[in-house]
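Subject: A structure for you to look through

Dear colleague,

I am handing over the structure below, and I would ask you to keep it open while you read the notes that follow. The notes begin with the whole chain and then turn to single residues.

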Amino acid sequence: MERDSAEGRAFVGQFGGIFEHSPWVAEEALDGLPDGPPTAATVHAAMVQAFRAASTEKRLQVLRAHPDLAGRLAIAGGLTADSKAEQASAGLDRLTPEEHERFTTCNAIYTDKFGFPFIIAVRGKTKDDILAAFQARLDNTPDEEFATATAEVETIARLRLDALFPGYAA
Ligand code: GUN
């Protein structure tokens, strides 16, 4: 699909937010799209291919475009609609003060160690699942955690696309 065509612009308009605040992933995915009507699977495959082809620095920027879980931006109401729904689905908008304190502490330690926020595909997970994963991942090496975080971003993208293509299983 041509970037400068009406179709190309419509694609970027529709899928530009699938990778958080990173419409370039949709732009770069245009070349890899097969002919025919898009499905969650074909759009995801093309976007993941574009994401993986990008430099480490560009992928790092995508990680850094994510808000903290239960962070200041969430409290201030500044999340994208997708992030807001994801965080709410795991109950992160309804934390006790103690739970909130734990997230705040973990977010600070994690970001300090890795240089990007803790990212996890939260849909279907509980607060306790997320906190357990948070603790476990703090022990990872920077390389392990970059690989884990970028894989989580790809999973989040798939879940967001599945929600946009109801009825498509594959
Ligand atoms: N996992 C799913 N959505 C989000 C998000 O908005 N921020 C972070 N840090 N992780 C997520």
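Two residues are in contact here if their C-beta atoms, placed from the backbone, lie within 7 Å. With that cut-off, and counting contacts in the protein between residues at least 6 apart in sequence, 63% join residues at least 24 apart. Please bear in mind throughout that this is a predicted model.

The overall picture

The protein has nine helices and zero strands, and from the N terminus on its elements run α-α-α-α-α-α-α-α-α. The radius of gyration is 17 Å, which is close to the 15 Å that the globule rule gives for 170 residues, so the protein is as compact as a globular protein of that length. Taken along the principal axes, the C-alpha atoms fill a box of roughly 50 × 30 × 30 Å, and 30% of the 170 residues count as buried.

An unreviewed UniProt entry places the feature "domain: Oxo-4-hydroxy-4-carboxy-5-ureidoimidazoline decarboxylase" at residues 7–162.

Helix 9 and what covers it

Helix 9 covers residues 142–164, and its 23 residues reach 33 Å from the first C-alpha to the last, close to the 33 Å expected at 1.5 Å a residue. Which residues of helix 9 are buried? They are E145, A149, V153, I156, A157, R160 and L161. What covers the buried residues of helix 9 includes helix 3 (40–53), helix 4, helix 6 (81–89), helix 7 (97–114) and helix 8 (127–137).

R160, which has its place in helix 9, counts as buried because 23 other C-beta atoms lie within 10 Å, where 20 or more are needed. Leaving aside neighbours within four places in sequence, R160 is in contact with I18 and D82, and the C-alpha atoms of R160 and F19 are separated by 9.1 Å although these residues are 141 residues apart along the chain. F146 is also found in helix 9, but F146 is partly exposed, with 18 other C-beta atoms within 10 Å. The C-alpha atoms of F146 and L63 are separated by 8.8 Å, while the two residues are 83 residues apart along the chain.

The loops

In the loop between helix 4 (56–64) and helix 5 (72–75) you will find L69, which is buried, with 25 other C-beta atoms within 10 Å. L69 and E86 are 17 residues apart in sequence and, from C-alpha to C-alpha, 9.7 Å apart in space.

A70 lies in the loop between helix 4 and helix 5 and counts as buried, with 24 C-beta neighbours inside 10 Å. The phi of A70 is near 55°, a positive value in a residue other than glycine. H21, in the loop between helix 1 (6–15) and helix 2 (24–29), has a positive phi of about 50° although it is not a glycine. Is H21 buried or partly exposed? With 14 C-beta neighbours inside 10 Å, H21 counts as partly exposed.

A90 lies in the loop between helix 6 and helix 7 and is buried, with 21 C-beta neighbours inside 10 Å. Residues up to four places away in sequence aside, A90 touches V122, K125, T126, K127 and I130. A90 and S55, however, are 35 residues apart in sequence and 32 Å apart in space, C-alpha to C-alpha.

Around the ligand

How many residues surround the ligand? There are 13, and the closest are H66, S83, E86, P117 and I119. The residues of this shell divide into nine nonpolar, two polar and two charged.

Definitions and conventions: Residues are numbered from 1 along each chain as its sequence is written. This is a predicted model: local features need pLDDT of at least 70, side-chain atom pairs count only at pLDDT 80 or more; totals for chains, interfaces and linings use all residues. Helices (H or I, at least four residues) and strands (E, at least two) are DSSP runs, numbered from the N terminus. A residue is buried if 20 or more other C-beta atoms lie within 10 Å of its own, exposed if 12 or fewer, and partly exposed in between; C-beta atoms are placed from the backbone. A residue is near a molecule or strand if its C-beta atom, placed from the backbone, lies within 6 Å of it. Ala, Val, Leu, Ile, Met, Phe, Trp, Tyr, Cys and Pro count as nonpolar, Asp, Glu, Lys and Arg as charged, and the others, Gly among them, as polar. UniProt positions are given in the numbering used here, feature names are shortened, and annotations may be inferred rather than shown by experiment. The expected span of a helix is 1.5 Å times one less than its number of residues. The radius of gyration is taken over C-alpha atoms; the globule rule is 2.2 Å times the number of residues to the power 0.38.
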